[in-house]
Protein chains: 2
Amino acid sequence: MLSAKAQYAIHALTYLGEQYQAGYIPINQIAEKRKIPAKFLEAILLELRKAGVLGSKAGKNGGYYLLRHPREIEMVQILRLMDGPIALLPCVSKKFYEPCRLCPYPENECNIRRIFLEVRDATLQVIEGKSLLDLMQKEDYPDDFVI
Amino acid sequence: MLSAKAQYAIHALTYLGEQYQAGYIPINQIAEKRKIPAKFLEAILLELRKAGVLGSKAGKNGGYYLLRHPREIEMVQILRLMDGPIALLPCVSKKFYEPCRLCPYPENECNIRRIFLEVRDATLQVIEGKSLLDLMQKEDYPDDFVI
DNA sequence: TATAATTCCTATATGTTTTATAGGAATTAT
DNA sequence: ATAATTCCTATAAAACATATAGGAATTATA
């Protein structure tokens, strides 16, 4: 399962995408509309900003906004950023690989590994190529709008 | 990612399957051969026994054994037993469903949900139908052997 | 029948991660 | 100036995962 953090991130980002006309969106508005604890959300948005997904403006009338078109924000990046590996086992992870410590035979002969590699590939097959736009409720996002 | 518990369970079960000639297998042997903390493993095997996956015999020369042919032990049952849901979101879980608490619009219109349903289905597509036998290193398990 | 090897069971400890909050500094619009 | 915001670091609280303790019950067999 995704962590609460990852779920909050997804909902916050889709909210930002859906409110694209509204300029800078303050944390509290997102928190209220999507029922996310405000201070926790603050930490999440900070992280998304540092990862180059969001921009922000401090001060009165400030807030957060998407740095790129939702089509250019990869779903898989958000998931990895928040929760780490997509794979179910370290030994089949693309980005967080670690060797198996448990069994004596070599990895490339392991049937456990082979099957969990299939699972990982099936998952990536679905989510690679998916963007924030696919997660949003809007069909009518302007083709070139970035704040 | 799978918990250590789920990984230990998988490795313990495949070990039991691979040692099918050996009769009752004591906890300590599995723990040693698969480098699993013995007391933790004990709790896991107990749970698998209570779930009807394993049988056990107490006393000298006792130990654990598979109650069914490895072909009849479903991978997906083990995963759910150890770690709960296969799905990444509660609102798309088959066996652990919970409604979404975050957004205001109805579930059947939610694009987040739609995509995570795709992910779940892709995962299940791979693992449903897979059995312990598929996870084991043996190709030559007798067609009808049960202890 | 005594002994050793095992599972059984419940409780608890320990550690780690996740989730959440606190609080003040810096920034900005008006 | 003031108010509304982000920024940042620290910490608290809760939950969960991992691991261990220890004695009772069971069983084989010497």
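In this predicted model, 43 residues of chain A are in contact with 43 residues of chain B. Together the two chains bury about 3,800 Å², and 66% of that area lies on carbon and sulfur atoms. DNA strand C has 28 protein residues around it, and a hairpin is formed by strand 1 and strand 2 of chain A.

**The interface of chain A and chain B**

- Three residues, Met1(A), Leu102(A) and Gln137(A), supply 19% of the area that chain A buries against chain B, which is more than any other three residues supply.
- Two salt bridges are found across the interface of chain A and chain B.
- In one salt bridge, the side chain of Lys130(A) meets that of Glu118(B), with 3.8 Å from N to O.
- On the side of chain A that touches chain B, at least two residues each come from helix 1, helix 2 (27-34), helix 4 (75-83), helix 5 (111-127) and helix 6 (132-135) of chain A.
- Helix 5 of chain A gives the most to this side, with 11 residues.
- Sorted by class, the side of chain A that touches chain B has 26 nonpolar, 11 charged and six polar residues.

- The residues that come nearest to DNA strand C are Lys39(A), Glu42(B), Arg49(B), Ser56(B) and Tyr64(B).
- Of the atoms of DNA strand C that come within 4 Å of the protein, 66% belong to sugar and phosphate.
- Tyr8(A) places a polar side-chain atom 3.3 Å from a phosphate oxygen of DNA strand C.
- Bases are approached as well: an N or O atom in the side chain of Lys39(A) is 2.3 Å from a base oxygen of DNA strand C.
- Gly59(B) uses a backbone N or O atom, which lies 3.1 Å from a base oxygen of DNA strand C.
- Elements giving two or more residues to this surface are helix 1 (4-18) and helix 3 (38-50) of chain A, and helix 3 (38-50), strand 1 (54-57) and strand 2 (63-66) of chain B.
- Helix 3 of chain B provides the largest share of the surface near DNA strand C, namely five residues.
- This surface comprises 11 nonpolar, 10 charged and seven polar residues.

**The hairpin of chain A**

- Strand 1 (residues 54-57) and strand 2 (residues 63-66) of chain A pair in the antiparallel sense over four bridges.
- Ser56(A) has Tyr64(A), in strand 2 of chain A, as its bridge partner.
- Five residues lie between the two strands, and Gly59(A) in the turn has a positive phi of about 85 degrees.

Notes: Residues are numbered from 1 along each chain as its sequence is written. Chains are lettered from A and ligands numbered from 1 in the order in which they are written. This is a predicted model: local features need pLDDT of at least 70, side-chain atom pairs count only at pLDDT 80 or more; totals for chains, interfaces and linings use all residues. Side-chain values use heavy atoms; hydrogens and water are left out. A residue is near a molecule or strand if one of its heavy atoms lies within 4 Å of it. A polar contact is a pair of N or O atoms within 3.5 Å; within protein, one must be able to donate a hydrogen and the other to accept it, and residues adjacent in sequence count only if both atoms are side-chain atoms. Ala, Val, Leu, Ile, Met, Phe, Trp, Tyr, Cys and Pro count as nonpolar, Asp, Glu, Lys and Arg as charged, and the others, Gly among them, as polar. Two strands pair if DSSP finds at least two bridges between them. Contact means heavy atoms within 4.5 Å. Buried area is the accessible area (1.4 Å probe) that two parts lose on being put together, summed over both. A salt bridge is a side-chain nitrogen of Lys or Arg within 4 Å of a carboxyl oxygen of Asp or Glu.
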